[in-house]
Amino acid sequence: MLPFWRGAQVFRFASVVYAVGAQVVSVNAETTKGSGVPAYSHPTISWALIALLIIWSGLAGLVYAFDLAPKRPMVIAEIFVTAGLIASTMWVVRPEYYHHHQSLPSTFWVTNVVVSIALLWGPIAGGVAGVSFSVFSLAVEDQLKNFVTDATTPILLTVGVTLGIGASIVSRAQRQFELAVRMQAATQERERLAREVHDGVLQVLALMRRRGAGGDGDTAELAALAGEQERALRSLLSQQSQAPGAGRATDLRSRLQADLPPEVAFSAPANAVELPETVVTELLAMVRTALDNTARHAGEEARSFVLLEDLGDEVVLTVRDDGVGIQDGRLAEAEAQGRMGVSKSIRGRIESIGGTVHLDTAPDLGTEWEVHVRR
Amino acid sequence: MSDQGSTTVMVVDDHPMWRDGVSRDLEASGFTVVATADSVAAAGQRAKATQPAVVLMDMQLPDGNGADATAAVLEAAPQANVLVLSASSERDDVLDAVKAGACGYLVKSASAAELIDAVNATAAGQAVFTPGLAGLVLGEYRRMSNQPPAPDGPQLPSLTPRETEVLRLVAKGLSAKQIARRLDLSHRTVENHVQATLRKLQLSNRIELTRYAIEQGLD
């Protein structure tokens, strides 16, 4: 918003120069040419008023341009100063003159207060201020009968409304920008924390789990506890990384990375693999189902592997284990009996997001689910 | 004295607990840990002084990442084989380190036995191609193939269909032996395909750097 206010003060400076110029010309004028009657009844006081106008303009200009004081009281004071200066015309100038001349403090200078109101309170206040000051000024000059033909009203109305609209657009944009910056900072901080935890605590826990695994009673128990905490911490980090809203593209790679238990070998490209949030959710659930199935049926020794590939127009996700595999026909048989969780759950999920599944299994060759999702 | 007794290893990691733990594991299996380092600077100096056969490299160091450290070590000890050990969240860095000349990658959650096997393989000059590394390399080739080709100058290398097939199987966790059986190839041929993908990637790194330098007018 500040640039707007600064621009307005440039205009204010120009309007002061104009107001002083107008004063120099009118203060020595006659009411009508050759009448011999000076236009101003109190020229000295009118100069004092112009001095006030200059001082006020300098003060207000500095305050607005450099944000030196709260703007609201300044604008309210500006309303009274401007109205007072307009009204003073009746005091220092003779009616014969000001009834058909623009005079102190000049329409041009009055525009400043309309600009300030529009910048501070928006287009409606700006428009109302424009019309009010115009009507007040015409009333003082006894020119209300020329309301329709006089240019003052439409000009001040336009200035108030357009600047008000501009100002509210800018301040809305600025609020959104500040919000975005804050969110970004928060996300970065979250990621930094996750990284630190990952590096420090998780590594020590992993080390304890690894070194204690072969030990006796107490050591093995400590190792198991460390392993549990490692998993808990990982899932906490994965929940954190889900932060910004649904419906947006989500990085499947980082979600899998945080989600998969450490004993699963995960292979993926180095860059993010973005998919809609709903697709990512289904794929994560599918991977979990397949891994659960491996843990239950593939045998003690089975290891699991997850491969994520980004082919540009499609994403390929493979979940494989090197266990005992599923016997020929057993899957179809179980499916026919309606009690088969795996195949149904996995196929259902993938079909719901428009993907395809290929299952490759044979006795002693392990099980491999290959999922293709088009972008 | 076994073969392993003569294999010298340097461990680069800024976590003292991890460094000591891994060093103990290695010593227990008959390797000689000739140096440890906790920073890029120290890694470069000690590699120069001790010329280790294998360098175990952490990916995050106080004064740089694993790619910087790999470059520093290979400059100081050109015959060393660098094996990158990383926690799983640092994939960009791992790829950079491999492009800088590291010849293998292992996750820190790997078991002690897997670590020993990997160090042995690295000492023998074999690329330690974990599924994770294969996934990274595949992803990198696909990223390069999506870039617009440069009108002049050397083209970035790409994978042959057979190399892609082999890398995918590695990434899915199949061993070289299993791949050989599945594709009806010799074990040796599978190894050659795998190593070719790494060599071409290290080459592509130089091409990309050169191309970048020319684009920026630094020639």
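# Close-up views of a predicted two-chain model

**View 1. Leu156(B) and its contacts.** Leaving aside neighbours within four places in sequence, Leu156(B) is in contact with Met144(B), Ser204(B), Ile207(B) and Glu208(B). Two residues are in contact if their C-beta atoms, placed from the backbone, lie within 7 Å. This is a predicted model, where local features need pLDDT of at least 70, side-chain atom pairs count only at pLDDT 80 or more, and totals for chains, interfaces and linings use all residues. Residues are numbered from 1 along each chain as its sequence is written, while chains are lettered from A and ligands numbered from 1 in the order in which they are written. Leu156(B) sits in the loop between α6 and α7 (161-171) of chain B. Helices (H or I, at least four residues) and strands (E, at least two) are DSSP runs, numbered from the N terminus. Leu156(B) is buried, with 20 other C-beta atoms within 10 Å. A residue is buried if 20 or more other C-beta atoms lie within 10 Å of its own, exposed if 12 or fewer, and partly exposed in between, with C-beta atoms placed from the backbone. Leu203(B) is 47 residues from Leu156(B) in sequence, yet their C-alpha atoms are 8.5 Å apart.

**View 2. Strand β1(B) and its partners.** Of the 5 residues of β1(B), 4 are buried, so the strand is largely enclosed by the rest of the structure. β1(B) pairs with β2(B) in the parallel sense over 5 bridges. Two strands pair if DSSP finds at least two bridges between them. Val11(B) has Thr36(B) of β2(B) as its bridge partner. β1(B) also pairs with β3(B), in the parallel sense, over 4 bridges. There, Met10(B) is bridged to Val55(B).

**View 3. Helix α2(B) under cover.** Helix α2 of chain B covers residues 40-50, and its buried residues are Val40(B), Ala43(B), Gly44(B), Arg46(B), Ala47(B) and Thr50(B). Elements covering them include β1 (8-12), β2 (32-37), β3 (54-58) and α3 (66-76) of chain B. Just after the helix, Gln51(B) takes a positive phi of about 45°.

**View 4. Helix α3(A), length and bend.** Helix α3 of chain A has 22 residues (71-92), which at 1.5 Å a residue should span 32 Å; its end C-alpha atoms are 31 Å apart, which agrees. The expected span is 1.5 Å times one less than the number of residues. α3(A) bends by about 25° at Ile86(A). The bend is the angle between axes fitted to the seven residues ending at a residue and the seven starting there. Ile86(A) is one of the buried residues of α3(A), which also include Glu78(A), Thr82(A) and Leu85(A). The buried residues of α3(A) pack against α2 (43-66), α4 (95-98), α5 (107-121) and α6 (123-140) of chain A.

**View 5. Thr107(A) in helix α5(A).** Thr107(A) has its place in helix α5 of chain A. Thr107(A) is buried, with 21 other C-beta atoms within 10 Å. Ser15(A) is 92 residues away along the chain, but the two C-alpha atoms are separated by 9.1 Å.

**View 6. Where chain B touches chain A.** The contact takes 29 residues from chain B and 30 from chain A. On the chain B side, α1 (16-28), α4 (91-99) and α6 (131-145) each supply at least two residues. α6(B) gives the most to this side, with 10 residues.
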